[in-house]
Amino acid sequence: MSEGKVVLVGAGPGAPDLITLRGVEALRHADVVLYDRLTHPALLEHAPIDAERIYCGRAPGAPGDDRQESIHDLMVRHARAGRVVVRLKGGDPFVFGRGGEELQALIAQGIEVEVIPGITAGISVPAALGIPVTHRGLARGVTFVSGHGGETDWSALARSGTTLVIYMGLRNLERIVSALKSAGMSPQTPACVIENGTLRSQRQVLATLGTLSAAGFEGPAIIVVGEVVRLARIALQEKKAA
Ligand code: SAH
């Protein structure tokens, strides 16, 4: 029996047509699809009708390590049985997605792995509002950072001159904002929160560091802090005028 393989596929940020052609092609050849909470259900329609579909999501903040190991085991088991396993992950598999851990675990077991990148939320969700995250003259670069616990040095980031794109930060929004302010960042700095970006349910709050709040937001959300957020307003005003 021939050895199977695992394909780690980035599903894009939300809208089901923001996956790559290569990602769709991989889905078309899948025997098994393991998908996450943040992958659009319509993407599963690309897989053959008889492909096995396995949900591997977990609620944010839920304990994940056992779960992660059982996902590794599942992939290894199916690949060893000669199947093509597509591991479909939200955004890009290697940006805050544990794709790196999955890759290492598979390599350690001698399983063939292919990686197909995806469009990460940190670029595409701001872009949905017309925010160019590295706009020349406004940002020296962009920093992707996790807002989920951890030992982030917010004062170093506050001084970096880069746009801050914060993933998984909704629950810690107040703490992040106050850390940036105490690090000397001006309360006038433009900032926004975008929930369910690129989906029909997208919502956003455009504000400043001093006024930012995201009451009522629950979905996945990206926080953007930096002068580039000003450019979103232009895009929104044009939309309103149209
Ligand atoms: N690998 C993914 C990120 C996974 S971490 C990627 O590259 O995009 C999950 C976090 O991504 C969420 O907490 C949120 O901060 C962000 N996110 C994912 N999809 C999103 C969307 N449609 N809108 C806003 N934020 C999103």
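**Getting to know Val193 and its protein**

Trainee: Which strand holds Val193?
Mentor: Good place to start, and keep in mind that this is a predicted model. The protein has 7 helices and 10 strands. Residues 190-195 form the strand that includes Val193, and that is strand 8.

Trainee: Is Val193 buried or exposed?
Mentor: A residue is called buried when its relative accessible area is under 20%. Val193 has 0% relative accessibility, so Val193 is buried.

Trainee: How far apart in space are Val193 and Val224, C-alpha to C-alpha?
Mentor: Along the sequence, 31 residues separate Val193 and Val224. In space, their C-alpha to C-alpha distance is 6.4 Å.

Trainee: How many disulfides are found in the whole structure?
Mentor: Cys56 is buried, with a relative accessible area of 4%, and Cys192 is buried at 0%. A disulfide needs two cysteine sulfur atoms within 2.5 Å. Searching the whole structure for disulfides gives a count of 0.

Trainee: What is the radius of gyration of the protein?
Mentor: The C-alpha trace spans about 65 × 45 × 35 Å along its principal axes. For 242 residues, a compact globule would have a radius of gyration near 18 Å. The protein agrees with that, at 19 Å.

Trainee: What share of the residues in the protein is buried?
Mentor: The protein exposes about 12400 Å², and carbon and sulfur atoms supply 52% of that area. Of the 242 residues, the buried share is 46%.

Conventions:
Residues are numbered from 1 along each chain as its sequence is written. This is a predicted model: local features need pLDDT of at least 70, side-chain atom pairs count only at pLDDT 80 or more; totals for chains, interfaces and linings use all residues. Side-chain values use heavy atoms; hydrogens and water are left out. Buried means under 20% relative accessible area, exposed over 50%, partly exposed in between (1.4 Å probe, protein chains only). Helices (H or I, at least four residues) and strands (E, at least two) are DSSP runs, numbered from the N terminus. The radius of gyration is taken over C-alpha atoms; the globule rule is 2.2 Å times the number of residues to the power 0.38. Accessible areas come from the Shrake-Rupley method with a 1.4 Å probe; for residues, only the protein chains shown count as cover.
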